[in-house]
Amino acid sequence: MTEWLNILLYIQIGLSGVCLYRIIRGPTIPDRMVGIDIFGILVVGICAIISIQTEKSFILDIGIAWIILSFIGTLTLAKYLTGKKLNE
Amino acid sequence: MRHVTVFILSLIFWLLITFRFTVPNIIVGSVASLICSLIFTRFFIKNVYKILQPHRYYWFLIYLTVFIWECIKANFDVAYRVLHPAMPIRPGIVKVRMELKSQLARTLLANSITMTPGTISVDIIGDELFVHWIYVRSEDPEVYGRLITGKFEKYIKRIIE
Amino acid sequence: MSNMVTIILICIGVLFNIFGCIGLIRLPDVYNRLQSATKCVTLGCCSILLGVLFHFGIGDAGFKALFAIPIIFFSSTVAAHALIRGAYHFGAKLDKRTVKDDYKEAVK
């Protein structure tokens, strides 16, 4: 059981690395913001797997708080995108 | 009446999410629920007696089953398009008319459309909903209106209105 | 027995996350990327949380995992609407293969 959980945890952390690739290499600004949004949801999965490994339930609280803060951050970034044109 | 309903719902939510039935916990939860009910009641539904009608819950269960099935189908659709070597996409933004009137029903319809195969909703202007579609199957407004909103609109109408 | 169900649900969730991230790399423009990534990653994380619910059982941690599922659904879909509308107003280009654009006349 623990070996399987370790492998799945490493795969999930590697997927966050894929999102970081999109944030660094994205051709335009909206691409980078999509990467930030997806990164925020993937971290909740990492928190859930760690809470099974360590048998502690307060890590799920961290996950819920993370998803709400990531939601507010994405809304702010979208507001910034709406207000500005490309040729300014 | 609306204030009391919001207070009770948020207190139940607090007790389930902390799961500790001691006196200080209940006092803290009551104060937080009171503040929430004073601020956020104006966003709640107008007619609270709709919560107590049981046939809405029956239609809600049927809607939930259809929604989860569509959601799983959407994931395999995305997997097929992504793993195919030639990537069979033909994207476009189409315009769909909808018949729902209240704000909550429109929000629920837009969220359902986002999780169904190949579509994501962009904006609402007046009575029209703009949808980005990854594979435009036909150019006829009647056909794609039925394909996109037809599955959910009848259930949402029975649940909320 | 409960361990088997947990491992299978988490495997399904990680598999969906892998599909979503491949879509984030391969697809051509920002709208298609947002579409594939939002759908797959949301359902994948919900599946992982369902596995957590099966592992802990009904109780303290189980209810937290159960309540995180609707929060993830609503927050990710609303964030996707806000981002795609912001990207269109910002002026991100549609792909070459796009066949139809009704939103252009409505914005003006």
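Mentor: Let's start with a term: two residues are in contact if their C-beta atoms, placed from the backbone, lie within 7 Å. This is a predicted model, where local features need pLDDT of at least 70, side-chain atom pairs count only at pLDDT 80 or more, and totals for chains, interfaces and linings use all residues. Residues are numbered from 1 along each chain as its sequence is written, with chains lettered from A and ligands numbered from 1 in the order in which they are written.

Trainee: What covers the buried residues of H1(A)?

Mentor: Helices here are DSSP runs (H or I, at least four residues), numbered from the N terminus. A residue is buried if 20 or more other C-beta atoms lie within 10 Å of its own. In H1(A), the buried residues include A:Leu8, A:Leu15 and A:Val18. Their cover includes helix H2 (29–54) of chain A together with helix H1 (2–26) of chain C.

Trainee: Which helix gives the most to the side of chain A that touches chain C?

Mentor: Good one! The contact takes 40 residues from chain A and 41 residues from chain C. On the chain A side, H1, H2 and helix H3 (58–83) each supply at least two residues. The top contributor, with 14 residues, is H2(A).

Trainee: How far apart are the nearest C-alpha atoms of chain A and chain B?

Mentor: There are 2 pairs of chains in contact, and chains A and C share the most contacts. Chain A and chain B, however, do not touch. Their nearest C-alpha atoms are apart by 9 Å.

How values were computed:
Buried ≥ 20, exposed ≤ 12 C-beta atoms within 10 Å, placed from the backbone.
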